[in-house]
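Q: Got a model open here and want to walk through the fold. Can you take me through the strands and helices?

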Amino acid sequence: MNVSPLRRALGHTPDEAVRRITLITKPGCHLCDDARAVVEKVAAETGAEVEEINMLEHPDLVAKYAEQIPVTLVDGKQHDYWRVDEDRLRRAVTGGRRRR
C-alpha cells in the first residue's frame with residue numbers, strides 16, 4: 001500500500017494509511033444513531049475518515065441492505081450491521097495495533 005507524500009511527510013508508514021469507515025443509514029433509525037456515535041468515536045481516536053450514506057437515496061443499497069441497517073464498511077468491505085462493536089471496529093481500522 002502506498003502512502004501519499006503528505007502522509008509520508010507527517011510520519012505515516014504504509015500500515016498507518018488512513019482508513020475509511022462508511023456508515024449506511026436511513027432516517028428515523030435508532031440503531032443508526034447508536035452506530036453513528038460509535039463510528040464517530042473510533043474515527044476521532046484513529047484518524048479514520050467517515051462517510052455516511054442515506055440508503056434511501058441509493059436503490060441498490062436498499063436492495064442489498066434493507067434488513068441489515070445500519071451497515072458499516074471499512075475501506076469498502078462490509079464490517080458489521082445492526083450493532084457496531086467499538087473494540088472490533090477499532091481493531092479493523094487500526095489493523096489490530098494498540099492505541100498509543
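Q: Start with β1. How do β1 and β3 pair, and over how many bridges?
A: Strand β1 (residues 20–25) and strand β3 (residues 71–74) run antiparallel, with 4 bridges. Strands here are DSSP E runs of at least two residues, helices are H or I runs of at least four, and both are numbered from the N terminus. Two strands count as paired if DSSP finds at least two bridges between them.

Q: Who faces whom?
A: Leu23 stands opposite Thr72 in β3. Ile24 has Val71 of β3 as its bridge partner.

Q: Is this predicted or experimental, and what are the ground rules?
A: It is a predicted model: local features need pLDDT of at least 70, side-chain atom pairs need 80 or more, and totals for chains, interfaces and linings use all residues. Numbering starts from 1 along each chain as its sequence is written, and side-chain values use heavy atoms, leaving out hydrogens and water.

Q: What does the chain average for pLDDT?
A: The average is 86, and 80% of the residues score at least 70. pLDDT is the predictor's confidence in each residue, from 0 to 100. Over residues 1–12 it is below 50.

Q: Back to the sheet. What is the strand order?
A: β2-β1-β3-β4, an open sheet of 4 strands with mixed pairing. β2 (49–54) and β4 (77–81) are the edges; each has a single partner strand, so one side of each lacks a neighbour in the sheet.

Q: And β3, buried or exposed?
A: Both faces of β3 are covered. Val71 and Leu73 are buried on one side, Thr72 and Val74 on the other. Buried means under 20% relative accessible area, exposed over 50%, partly exposed in between, with a 1.4 Å probe and protein chains only.

Q: How does β3 pair with β4?
A: Antiparallel, over 4 bridges. Val71 has Tyr81 as its bridge partner in β4. The hairpin has 2 residues between the strands, and Asp75 takes a positive phi near 50 degrees.

Q: Switch to α2. Which residues are buried there?
A: Leu31, Cys32, Ala35, Val38, Val39, Val42 and Ala43. They sit on the same side of α2, because they cover an arc of only 130 degrees around the axis. That arc is taken from the directions from the helix axis to the C-beta atoms.

Q: What is exposed on the other side?
A: His30 and Ala44.

Q: What covers the buried residues of α2?
A: The cover includes β1, β2, β3 and α4. Contact means heavy atoms within 4.5 Å.
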